[in-house]
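Please open the model in your viewer and keep the sequence panel beside it. The stops below go from the whole chain to single residues, and each one says what to select.

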Amino acid sequence: MSSADRPTDAPEHCPGTQSEEAGKAAACVGCPNQAACASAPKGPDPDLAAIAERLAPVKHIVLVLSGKGGVGKSTFSAQLAFALAARGLEVGLLDIDICGPSVPKMLGLEGEEIHQSGAGWSPVYVQENLGVMSIGFMLPNPDDAVIWRGPRKNGLIKQFLKDVHWGACDYLVIDSPPGTSDEHISIVQFLKAARVDGAVVVTTPQEVSIIDVRKEINFCKKTGIPVLGVVENMSGLRAPLSSFRFHGPNGEDITDAVLAAAGAAAGGAAANSGSTAAGGGSSIGAGVMAETSVFHASGGGAARMAADMQVPFLGSVPLDPALSRAGEEGRSVFDGAGGSSGSSAPALQAIIDKLLAATGGSDGPAV
């Protein structure tokens with residue numbers, strides 16, 4: 001029995017979800033999945049061949065996962081898609097977060113609709129080489145709640161994989177919801193016959209997040225999904241000093257005085273080193289950055305976790321107002337349209353370089 005056929009919370013002697021004994025065997029008594037397994041169709045899924053055929057022109061499939069919500073999976077997925085497309089690659093971004101689809105907002109595609117052609121459902125295109133699919137395009141009102149049980153959510157995920165026409169594509173990035181339950185088990189089962197490169201696992205530095213992300217890595221190991229690497233998001237706050245406001249002990253605004261003093265110190269340091277300070281004198285240049293930790297990484301953060309679990313650590317991305325603004329405006333943080341690409345852009349580019357090397361995707365775009 002493949003570990004992908006066995007739910008992560010199944011009893012020791014689980015017969016597997018595809019077995020004729022699923023939900024009926026003595027080992028199934030008391031299992032939370034018993035009713036679902038007993039009523040589910042048994043045997044090989046005939047749609048798996050159709051999914052494999054549909055995804056055959058896709059060179060690389062990358063899942064973006066995390067056991068914890070709110071760590072920035074969709075932000076990372078969106079910016080990964082933008083960055084890959086900017087390198088001339090053909091990119092698809094599939095949002096399988098059925099109850100919380102944020103990808104349309106982050107790609108600037110709110111209000112768009114899905115269109116159907118003879119080849120299947122057509123992705124919504126941000127640009128010629130970046131297509132997107134999400135349930136967000138199917139909601140009459142973006143504020144509508146999707147109140148679906150597992151089977152209906154899984155049915156839509158299968159339809160996305162089977163019916164969306166991506167065409168010749170270098171990378172299909174799949175943005176997932178948090179956890180290790182229905183959607184995750186389904187995506188692993190549905191992609192059995194496709195060539196999945198692996199998963200990027202996103203976390204934040206604090207132990208309350210890493211506890212759940214460890215479970216996600218173990219899920220990948222049990223289901224045979226290679227872990228391409230771990231990304232630590234929100235790894236401290238790094239922003240231009242001039243973007244901060246400073247207050248005295250009684251709440252008074254002392255920003256001008258602090259920036260003037262910092263500017264003088266920066267100018268003095270530059271003079272001593274023989275270099276030219278940006279801004280110099282009593283003003284502080286845009287190149288001077290302030291950095292601080294936000295989350296207490298009591299367990300050593302993502303790097304320590306990755307080492308402990310023997311998976312690659314891809315890098316850290318700081319909290320960055322420029323990245324937040326790019327997501328709100330539905331654009332790439334790398335284009336600098338907000339006045340700066342911020343401190344997150346070089347960190348993300350370094351991570352993407354490692355990801356391309358790990359997947360062999362640096363061999364050029366699809367033809």
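Among contacts in the chain between residues at least 6 apart in sequence, what percentage join residues at least 24 apart? With a contact taken as heavy atoms within 4.5 Å, the share is 74%.

Before going further, bear in mind that this is a predicted model, in which local features need pLDDT of at least 70 and side-chain atom pairs count only at pLDDT 80 or more, whereas totals for chains, interfaces and linings use all residues. Residues are numbered from 1 along each chain as its sequence is written, and side-chain values use heavy atoms, with hydrogens and water left out.

**The whole chain.** Show the cartoon first: the secondary structure comes to eleven helices and eleven strands, where helices (H or I, at least four residues) and strands (E, at least two) are DSSP runs numbered from the N terminus. Colouring by accessibility, you will find that buried residues make up 47% of the 367 residues; buried means under 20% relative accessible area, exposed over 50%, and partly exposed in between, with a 1.4 Å probe and protein chains only.

Select Cys14, Cys28, Cys31 and Cys37, which UniProt, in an unreviewed entry, gives as "binding site"; the UniProt positions are in the numbering used here, feature names are shortened, and annotations may be inferred rather than shown by experiment. These residues span 24 residues in sequence, yet no two of their C-alpha atoms are more than 10.7 Å apart, so they gather at one spot. The lining of the largest cavity includes Cys14, Cys28, Cys31 and Cys37. Here a cavity is a set of points, on a 1 Å grid over the protein atoms alone, where a 1.4 Å probe fits but cannot get out, and lining residues have an atom within 4 Å of a point.

Cys37, by comparison, lies in helix α1 and is buried with a relative accessible area of 15%.

**A helix crossing.** Now select α3 (residues 73–86) and α11 (residues 344–359), whose axes come within 11 Å and cross at roughly 75°; axes are lines fitted to C-alpha atoms, for helices over the stretch in contact, and angles run from 0 to 180 degrees between N-to-C directions. The two helices are therefore roughly perpendicular to each other, a term that covers 65 to 115 degrees. Show side chains for Phe76, Gln79, Leu80, Ala83 and Leu84 of α3, which meet Leu348, Gln349, Ile351, Ile352, Leu355 and Leu356 of α11.

**An enclosed helix.** Move to α6 (residues 182–190), where seven of the nine residues are buried, so this helix is largely enclosed by the rest of the structure. The buried residues are Glu183, His184, Ser186, Ile187, Val188, Gln189 and Phe190, and what covers them includes α2 (47–55), β1 (58–65), α5 (150–163), β7 (169–175) and α7 (207–223).

Finish with Met234, in strand β9 (residues 227–240), which has a positive phi of about 55° although it is not a glycine and is buried at 18% relative accessibility. Gln310, in the loop between α9 (301–309) and β11 (313–319), likewise has a positive phi, near 60°, but is exposed at 74% relative accessibility.

Methods: 1 Å grid on protein atoms, 1.4 Å probe; cavity = no way out; pocket = protein on both sides within 12 Å on 5 of 7 lines; lining within 4 Å. Parallel < 35°, antiparallel > 145°, perpendicular 65-115°, else oblique.
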